[in-house]
Amino acid sequence: MKITGIRAAVAAAMAATVWVQPAAAAEQVDLVLNWVPTADHSPYYYARAQGWYEEAGIDLDIQTGKGSGVSAQRVGAGASKIGIADMATALLAKSKGADLTAVMVVYANSPQGFYWLKSHGITGPADFPGHKIGNPPSDASRVMWPAFAQKVGIDPGSVSFVNVSPQAKMASLKSGAIDVTTDFYNEHDLKVREFGDDLGFVAWRDIGINPYGNAIIVNGAFLKDKPEVVEAFTRVSQRAFAACVQDVTPCLQALLAAASGLTEANQRDQWNRVKELMRDPTTTGTALGAFDPDRVAADYKLVETYFGIEKPFDVTRAYTNDFLDHDIRMTAE
């Protein structure tokens, strides 16, 4: 009887020990954005607020970015584990030695576009010659201008470029300091409200130049060491984007609670444009966030032609669809 009692006590103690043992520590993951938080980032804030990353074993820290170039460099060097970057910028960084892999595309369509005022005597790109285009010197639209000019059939040297900061684009267009500017489609509604029927617009994708836009990129060493964490992050993010497509209101509420200086109306307009950019045959037919191999290969050639590939690499190793849930697809409309 005594032995039985001891065994019972030991068993009880062991059970108690198992019960109080802390769960495995969550993986600390930093996500560096491509820019300041806006509607296209709301799914990450929503999923974090809902506890989805935590449930997947991830302690997520979302960090404000300073451009795709910086986020690609940080992720490529291992300073950040995961980031958001324009895909062409990520490919360019990879050619310079950045150790990164894209695991989910957000903008299946290029967000780049040209804006002008019809009152400046412009009805379309054919009228651009002789006019001033204002944007930052490093703006992708300026770098790739020869490709755009060739597509629309005008001389690349027929326009003049004026250095304009991102914040001054609309004011410069309104004042007449420039005749044309470039910007992401997310901000389209702000320009429509400002200029009304006088606003002219053409999207790159509408003339046949459609490189992938923002994508989720992961540090290569982290991917190799913690593939299960990368898969968990990717699937939670994919699930969050799908949820926000269905109902963006709670997603915007999570964004506004975490980021200051934003208005819900403007962010809602932006999200509606983001949904257009997310939608293509691959994201609606294969999986939300999936890459099309032929398009990535075309993007590589585009980068090689207009930006320069310092060290050639196998572009099929620059991205993967392996971590996506193929049962989650982008809506058709």
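1. The model under review is predicted. Its protein chain contains 15 helices and 10 strands. Along the principal axes, the C-alpha atoms fill a box of roughly 100 × 45 × 35 Å.

2. Burial and contacts across the chain. Of the 333 residues in the protein chain, 51% are buried. The contacts may also be sorted by how far apart the partners lie in sequence. Among contacts between residues at least 6 apart in sequence, 80% join residues at least 24 apart.

3. The packing of α2 with α12. Two packed helices are described by the angle between their axes and the distance between the axes. Helix α2 covers residues 42-49 and helix α12 covers residues 249-258; they pack at an angle of about 90 degrees, and their axes are 8 Å apart. Because angles of 65 to 115 degrees count as roughly perpendicular, α2 is described as roughly perpendicular to α12.

4. The residues in that contact.

5. Helix α7 and its surroundings. Which residues of α7 are buried? They are Trp145, Ala147, Phe148 and Ala149. The buried residues of α7 pack against the strands β5, β6, β7 and β9 and against the helices α6 and α15. Just after α7 comes Gly153, which takes a positive phi of about 80 degrees.

6. The second largest pocket. This pocket has a volume of about 190 Å³. Its lining consists of Ala147, Gln150, Lys151, Gly208, Ile209, Asn210, Pro211, Arg295, Ala298, Asp299 and Leu302. The elements that give two or more residues to the lining are α7 (145-152) and α15 (293-306). The largest share, 4 residues, comes from α15. Sorted by class, the lining has 5 nonpolar, 3 polar and 3 charged residues.

7. Tyr306, a residue of α15. Tyr306 lies in helix α15. Is Tyr306 buried or partly exposed? Its relative accessible area is 23%, so Tyr306 is partly exposed. Leaving out residues up to four places away in sequence, Tyr306 touches Val143, Met144, Pro146, Ala147 and Gln150. Tyr306 and Ala147 are 159 residues apart along the chain, and their C-alpha atoms are separated by 8.1 Å.

8. Pro125, a loop residue. Pro125 is found in the loop between β5 (112-117) and β6 (132-135). With a relative accessible area of 15%, Pro125 is buried. Beyond residues up to four places away in sequence, Pro125 touches Trp116, Phe148, Val152, Ile154 and Val202. Pro125 and Val152 lie 27 residues apart along the chain, with a separation of 6.7 Å between their C-alpha atoms.

9. Two buried aspartates. Asp139 lies in the loop between β6 and α6, whereas Asp86 is found in strand β3 (residues 82-86). Asp139 has 13% relative accessibility and therefore counts as buried. Asp86, at 17% relative accessibility, counts as buried. Residues up to four places away in sequence are again set aside for the contacts: Asp139 touches Gln112, Lys169 and Thr182, while Asp86 touches Ser68, Tyr212, Gly213 and Asn214. Asp86 and His120 are 34 residues apart in sequence, and they are 32 Å apart in space, C-alpha to C-alpha.

10. Ala177, in another loop. Where does Ala177 lie? Ala177 is placed in the loop between α8 (169-175) and β8 (180-184). Ala177 is partly exposed, with a relative accessible area of 38%. Apart from its neighbours within four places in sequence, Ala177 is in contact with Lys132 and Ser172. Ala177 and Asp225 are 48 residues apart in sequence and 52 Å apart in space, C-alpha to C-alpha.

Key. Residues numbered from 1 in each chain as written. Predicted model: local features only at pLDDT ≥ 70, side-chain atom pairs only at ≥ 80, totals over all residues. Heavy atoms only, no water. Axes fitted to C-alpha atoms, helices over the stretch in contact; angles between N-to-C directions. Parallel < 35°, antiparallel > 145°, perpendicular 65-115°, else oblique. 1 Å grid on protein atoms, 1.4 Å probe; cavity = no way out; pocket = protein on both sides within 12 Å on 5 of 7 lines; lining within 4 Å. Points joined across faces, edges and corners; volume = space filled by probe spheres on them. Nonpolar A, V, L, I, M, F, W, Y, C, P; charged D, E, K, R; others polar. Buried < 20%, exposed > 50% of the residue type's maximum accessible area, 1.4 Å probe, protein only. Contact = heavy atoms within 4.5 Å.
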